[in-house]
Amino acid sequence: MDDGRAQDAGTWLDRQLARFLPRLSSRLRDLFGFLLVIGLVQAVFWGLYGSPLWPKPSSEPVDHISFTQTTLAHLPKPTPLAAGQARYEPIQLPHTECCKPSYLALKLTFDLPEVPAEGLGLAAYQQVDNFIILINGSIIFQRGEMTFPNQAFEAQQPVVDRIPAGLLRTGSNELVFITVRQGLPYTDLAPPLLGPWAEVRHWAEVRLWRFTDYRLLSGWTTFLVGLFAALLAFRSQQRRFALWLAALCGAWSAYALYGLWLDPPFGGLVRVWLFFAVNSLVAVALVGLIDAWTDRPLPRLQPALVAVFLAFITACALWPALRPMPEAYDGPALVWSWLSAVLGAAAAARLIWHFATRKEPRRLEAALLTICALCVVLDALGEHFGLTAGGFLVDSAPILLLALAVAFVQRNFTLFKSSVSLNALLAGRLAERESELAVAHARERDMVRRQAHDDERRRIMRDMHDGLGSQLMSLLLAARRGAVDNEKVAEGLQSVVDEMRLMVDSMDSVGESLGSALATFHERIRPRVEGAGFELDWQVDAPDDLPDASPRTALQVFRILQEAVANAIRHSGGDRVALKVQAQADGALVLSVADNGTSAAPRGKAGRGLANMRGRAALIGGRIDLDEDARGFTVRLTLPAALPEAGS
């Protein structure tokens, strides 16, 4: 059904209800509209069901051959020999036998004034498990096993056969049915249809199509739908709906298979139990499906349905062991009839309640589901009201498929339209969000850059104050007191120049490796060491790709090395300074400054210069070690494998 037409029809119905029922609330109008749709759909379905478009075979056009005598005999074995030797008693058809497993022989006598050239047609359907058909002692039908508990169920389908003219005779003829029944306690015998072959064949074509081809088609169709639903259950967000749909379609397919699987590997008792299990599962699954279909399931209803189903089939399996026949069958059959009727009515009531309490546009598919619910009730209780037993459930299978097709078309067309607009909306929102994120990222990046510049500016100001400022202030105070000579002025100015170079080098080394920074320090310090009359021994025993160092880290390393070199020049009394860079196995880096000083004064005592070096090393995660012996004095700076991050 076209989605737009369905919506237009619903809108038209709403306008009419609002026009003629202005005093009703919108919810009552929705409910009333749904009831109208149910009535319309039910009328259309049952109108078609009873019309020539839904063929129902009638035997009235057939020129019936009547039976002159009907007799019945109990057999020890289901064989033609036993039937020929049996003692028959007159009966009236239809006839019912109860209650133990039995073999019967039904003998029907009829007269022919003359034998038709094309023979006769026979259509038989007896409520037994299996049978053999004989005409004047010759077998014309025999299929499957006849001995219980391994009997086949060939009699569950109508048998239409042609009786050849050569087996008939003028005058009296005998038609014999040898039957077997086990499991179901009742053997129901009905008069077969006997008449001209052409007329019987024409009548039987429609009947056989409904009992075989139509049932097979319905079973396969519902099976494929159920398989699709079972696969969706693993991916769908509406998992319960998919599972109930799979259960309903599976039960529907099993119901169709029940009448087509005529030679199962089990006896009549198991087949009876399967009948109750399959039919009750259809009713249970229909209620569960509708409850999940509403998208607002009632609390604990679906678990209760599963519990009721399990309890019922368990009772059906145990009851025959506790009670004799026919009570062992009649009890579960009565419970099944009323349970299915109640569940079918509950399915319809659940739909009506949903429309009474919620705004729901899916009227058509809900109305189609009510047909399924009504067919469940009719199959369960139809026999009690004089209706044909069975058949409604199988006939309503296409209605379920139609409901699913309507639901799929409506939802997916709507979903497709909605998805297009939704994708456009999401794309617009995504672009807007990306623009906002880009602006926020640029703003954050600018803030970080400004923060870094502010931090670097404060660091430079602090270094100028602590380094250059203190040294220039010392020179200024000495000059004012007159306690300064050329050598001290030169040394002070040299310290100021060295401090300025350290600051410049530390700023230039941003983003460079520590190796490049040390090379710059080597270039700056060599002229000063050699100018003081010392020999500089520079050794690097480390890989070229030393880790990156932040400006602050490089500055602290420079100042430690500068302080160590200055101490060696001022206080060692030697003539050689060795600066060595060595990498350790754990990734740590050791920088050592050693002199060959001969000063008698101990230099390992805590002094201001050594305290400053230890403080600076601690700031960058390093450690200062001192080594003093007869060969000289050594300052070792050990740096960790992971230096502080750039900008820290």
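Student: Which residue of β8 stands opposite Leu122?
Tutor: Asp161 stands opposite Leu122. A quick caution: this is a predicted model, where local features need pLDDT of at least 70, side-chain atom pairs count only at pLDDT 80 or more, and totals for chains, interfaces and linings use all residues. Residues are numbered from 1 along each chain as its sequence is written, and side-chain values use heavy atoms, leaving out hydrogens and water.

Student: How many bridges join β5 to β8?
Tutor: Five, and β5 (residues 120-124) runs antiparallel to β8. Two strands pair if DSSP finds at least two bridges between them. Strands are DSSP runs of E with at least two residues, helices are runs of H or I with at least four, and both are numbered from the N terminus.

Student: What's the strand order in that sheet?
Tutor: β8-β5-β11, an open sheet of three strands with antiparallel pairing. Because β8 (159-163) and β11 (193-196) each have a single partner strand, they stand at the edges, with one side of each left without a neighbour in the sheet.

Student: Which helix lies across β5, β8 and β11?
Tutor: That's α4 (residues 197-232), running at about 130° to β11. Axes are lines fitted to C-alpha atoms, for helices over the stretch in contact (heavy atoms within 4.5 Å), and angles run from 0 to 180 degrees between N-to-C directions.

Student: Changing topic, how many helices and strands does the chain have?
Tutor: It has 15 helices and 16 strands.

Student: And how much of the chain is buried?
Tutor: Of its 648 residues, 42% count as buried, meaning under 20% relative accessible area (1.4 Å probe, protein chains only).

How values were computed: Buried means under 20% relative accessible area, exposed over 50%, partly exposed in between (1.4 Å probe, protein chains only).
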